[in-house]
Amino acid sequence: MGAEISYNELKHLSEECSIDQLTCEEEDTKHFPTKLPENINSSTKLPGTFITNESNHFAINKFIQEMEKQKNPSQSCIGNKRSYYPRLEFPVSPYPPDLKPGSDFVASILIYRPVEFKFFHAKNASEKLRFSHEIVVLGRNTLTELRDTIMCSSDFGLCKEVENTSADLKPLANARNIYPSGFIFIDNVFYNDFRDPNSIDYSFPIIEWAKEKQIKNLSSENMENVRIESLTPRFGYPYLYMHQGDCEHLFIFADARLLNSSDCLHSQFYPHVLKINRNINRMCFMCSVSFAKWIVVDSDRLPQHKVFMCTDCCNSYNYVNGEKLGSFKLYPYYEKHVVV
Ligand SMILES: [Zn+2]
Ligand SMILES: [Zn+2]
C-alpha cells in the first residue's frame, strides 16, 4: 500500500470508523446489553436479549440450545472452529524488520479440507467440510506464494491403486513434483500455476464445458505475479483451490486489516500458517490399535464403502496366500505424512 496518511486524514478516518457510528437513527442506545449472558456457549457470544421465544426457530438458537445440552460443548465443534487451536508463532529473525506498521495489510485465509462429493469419491477427502488451516498473507504476497503454503496430504503421496500391501510406494511419493498443476478460482477467474513446464491447464476443460452450458464470463490467467492486494474477494465467500486432478479445497478470506506494530514485521515470513486443525491419525478399522496405512474401497466383504486398515489387518482379512479375497480396491493412506 505505502500510502502516507496525514494526521487530519487519520483523525477523520478514526472518527468515521468509530463504533459510535454503528447505531441507526431512532435506535434505543440506552438499553443496549452491557453484560454477556453466561449460558451461551458460542465464540460469537450473541447477546441474550436477541434470543426470544419468537426467535427460537432460528437455526443458530437451536444450535446454541443443543450445545448447552452437551456436557462439553466446545468439543462438538472442534472440527471447524479455528479459535480452539494454538497459534503457530512466527520465527524470530536476527535481522531488522523490513515492514512498517500501516505499510501493508494482512489477510487471514481459512483453508478447508477437501470434501468427498456424493458421486465422486476422492480417496483422502473428508466426508464433512472441515477447517484445515489458517494462513496469514500480506497484500504484497502472490497467489503462487499462497499456493505453496497450502498443505495437503495429496501433495505428499499419490493415492493410486496398488495390488497389495507390499507394493513399492517410493515411485508414488512427492506427488506435487509429478503433478504440479493447480488453480485458484476467485470471482470467475481461474488462476493457473504454470511455473513448472509439466503443468497443464486444469481450467481449460471447465471453461469449454461452461461455454456449452451458456455459462459466461469465466476466464483463466497465470497465477504467478498476481498479488493478493490486486484481488477484490468477498469476505466469507467460498473460493476454490484445486490440485492433484480432483483434490478440491474450499477457502475463504476471513479477515483483513492494516499491519500493526504487534504483527510480525519481517516480510520473508509471510505467508504464514497461523493455526492448524489437529491432525488425528486414523486408527485401523479392524483392530483400533495400529494406525491406518491403507484404504480399502468398494469391498464386497466390508460394511463401508471406504475402510481404513493397518497393514497386518489388511493382509489377514483381504488376502490368502497373496491372493485377493473378493473384490476391492486398495490405496495407500498418507495422512500421517503431513507434518507441520
Ligand atoms: Zn488437496
Ligand atoms: Zn489393524
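Which residue in strand 5 is the bridge partner of Y191? That would be E221; some notes on the rest follow.

1. Ground rules. This is a predicted model, where local features need pLDDT of at least 70 and side-chain atom pairs count only at pLDDT 80 or more, while totals for chains, interfaces and linings use all residues. Residues are numbered from 1 along each chain as its sequence is written, with chains lettered from A and ligands numbered from 1 in the order in which they are written.

2. Eight strands form an open sheet in the order 5-4-3-6-7-1-2-8, with mixed pairing. Strand 5 and strand 8 (272-276) are the edges, each pairing on one side only. Strands here are DSSP E runs of at least two residues, helices are H or I runs of at least four, and both are numbered from the N terminus; two strands pair if DSSP finds at least two bridges between them. From one strand to the next the twist averages 25° (axes are lines fitted to C-alpha atoms, for helices over the stretch in contact, and angles run from 0 to 180 degrees between N-to-C directions).

3. Around strand 4. Strand 3 (residues 182-186) pairs with strand 4 (residues 189-192) in the antiparallel sense over four bridges, and F183 has N192 as its bridge partner. Their hairpin has two residues between the strands, and D187 takes a positive phi near 50° there. Strand 4 also runs parallel to strand 5 (residues 219-222), joined by four bridges. The chain gets from strand 4 to strand 5 through helix 6 (residues 203-212), a right-handed β-α-β crossover (clockwise from the first strand over the helix to the second, with the strands pointing away from the viewer).

4. Strands 6 and 7. Strand 6 (residues 239-243) and strand 7 run antiparallel, with five bridges; Y239 stands opposite F251.

5. Helix 7. In helix 7 (residues 311-318), C313, C314 and N318 are buried (20 or more other C-beta atoms within 10 Å of the residue's own, C-beta atoms being placed from the backbone; exposed is 12 or fewer, partly exposed in between). These three sit on the same side of helix 7 because they cover an arc of only 100° around the axis, taken from the directions from the helix axis to the C-beta atoms.

6. The main core. The largest nonpolar core has 31 residues, and I109, I111, I135, V137, I184 and Y191 touch the most other members. Strand 1 gives the most, with six residues. Such a core is a set of buried Ala, Val, Leu, Ile, Met, Phe, Trp, Tyr and Cys residues joined through C-beta atoms within 7 Å.
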